[in-house]
Amino acid sequence: MQNSDSVDQEQNLRVRKLEISDKGKGFIELLQQLSVCDSVSDKEFQDRFNEVSSLGDDHIICVVEDELRGRIIATGSIFIEKKFLRNCGKVGHIEDVVVDSSARGKQLGKKVIKFLTDHARSMGCYKVILDCSLENKAFYEKCGFKQKEVQMAMYFV
């Protein structure tokens, strides 16, 4: 596994794994800038945090904390799929990448993607994949991703 966190001394920003105390630092409010995310009770947060934590290195949630403000200002997650293809290979799936609207343009999204892709590499993944909107395509290309295939979705409401 990779180094668990890094600190940008100049901006007092720490890139690290999600911690239980991050709910109080605006983690859920940050996710609400990305998609539908209703309020989550402390118990619901703790239960889900424990469930994700029990998966060890197979599911990592990365956050960027502005240590001066005590706020989570960027996040993304990765889970590792274990396959039979490619000699029982592994694939990293990146999800839920968002940077707070007040902190965009500071390369925080790139820091999150690097943290997650470094983790996938350290876990022996042969590729990392993600889905994104057309308006985010250029950002992910700058991070080294290439468009491939077509995304399909089926929602269960």
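Student: How many bridges join E2 to E3, and do they run parallel or antiparallel?

Tutor: A word on the source: this is a predicted model, where local features need pLDDT of at least 70, side-chain atom pairs count only at pLDDT 80 or more, and totals for chains, interfaces and linings use all residues. Residues are numbered from 1 along each chain as its sequence is written, and side-chain values use heavy atoms, with hydrogens and water left out. Strands (E, at least two residues) and helices (H or I, at least four) are DSSP runs numbered from the N terminus, and two strands pair if DSSP finds at least two bridges between them. For E2 and E3, the bridges number 5 and the direction is antiparallel.

Student: Which residue of E3 is the bridge partner of Val15?

Tutor: E2 covers 13-17 and E3 covers 59-66, so we look for a partner within E3. The residue that bridges to Val15 is Val64.

Student: How many residues of E3 are buried?

Tutor: Buried means under 20% relative accessible area, exposed over 50%, and partly exposed in between (1.4 Å probe, protein chains only). Across the protein, 36% of the 157 residues are buried. E3 is mostly covered, and out of its 8 residues the buried ones number 7.

Student: Which residues does Leu108 touch?

Tutor: Leu108 is itself among the residues with the most contacts inside that core. A contact means heavy atoms within 4.5 Å. Leaving out residues up to four places away in sequence, Leu108 touches Leu13, Val64, Ile73, Ala74, Val99 and Ala103.

Student: How many disulfides does a search of the whole structure find?

Tutor: A disulfide is a pair of cysteine sulfur atoms within 2.5 Å. The sulfur of Cys37 is too far for a bond, because the closest cysteine sulfur, in Cys62, is 17 Å away. Cys125 is in no disulfide either, with the sulfur of Cys88 nearest at 14 Å. The search ends with a count of 0.

Student: Is Asp57 buried, exposed or partly exposed?

Tutor: Asp57 sits in the loop between helix H2 (42-53) and E3. Its C-alpha is 8.1 Å from that of Ile80, though the two are 23 residues apart in sequence. Because its relative accessible area is 26%, Asp57 is partly exposed.

Student: Last one: what feature does UniProt place at residues 13-157?

Tutor: The span is 29% helix and 27% strand, and its end C-alpha atoms lie 37 Å apart. UniProt positions are given in the numbering used here, feature names are shortened, and annotations may be inferred rather than shown by experiment. The UniProt entry is unreviewed, and the feature it places there is "domain: N-acetyltransferase".

Note on methods. A nonpolar core is a set of buried Ala, Val, Leu, Ile, Met, Phe, Trp, Tyr and Cys residues joined through side-chain atoms within 4.5 Å.
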